Amino acid sequence: AIFAIGLAFETIGDRQLANFRKNPSNKSRVLATGLWRYTRHPNYFGDALIWWAFWLFAFAAGGGLAAIYSPVLMTFLLVRVSGVSLLEQKLSRTRPGYADYVQRTSAFIPWFPRTG
């Protein structure tokens, strides 16, 4: 189930972003609908879930505790090094509405948007 949810977040998030980018009027806008309403990075969240699912498969097979470094490392890299942090720096400079989006939308784990 975790693998399926992760794959869905990654696939649907990427598809929603690709469709959004196809429209030239969205060039400097921020995607804040669909999965992007609940997390600023649904594709990265999905990718992390897939790594955690792989670890659960390994754990169930009897050797997973030693392999926990893989999903921990990948989640760290996605959130703090290559994925979220780098992209957020760029988007805050290139998208005028991004600061408002950051204020109301969870960075990584999907959650209901904040109001006010």
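Begin by selecting L73, which is partly exposed at a relative accessible area of 43%, where partly exposed is the range between buried, under 20%, and exposed, over 50% (1.4 Å probe, protein chains only). This is a predicted model, in which local features need pLDDT of at least 70 and side-chain atom pairs count only at pLDDT 80 or more, while totals for chains, interfaces and linings use all residues. Residues are numbered from 1 along each chain as its sequence is written, and side-chain values use heavy atoms, with hydrogens and water left out.

L73 sits in helix 3 (residues 69–81), helices being DSSP runs of H or I with at least four residues, numbered from the N terminus.

Next, select R40 and E88, which form a salt bridge with their closest N and O atoms 2.8 Å apart; the term requires a side-chain nitrogen of Lys or Arg within 4 Å of a carboxyl oxygen of Asp or Glu. Because R40 lies in the loop between helix 1 (2–22) and helix 2 (42–60) and E88 in helix 4 (residues 84–94), the pair ties together parts 48 residues apart in sequence. R40 is buried at 8% relative accessibility, and E88 is also buried, with a relative accessible area of 15%. A search of the whole structure finds one salt bridge.

How values were computed: Helices (H or I, at least four residues) and strands (E, at least two) are DSSP runs, numbered from the N terminus.
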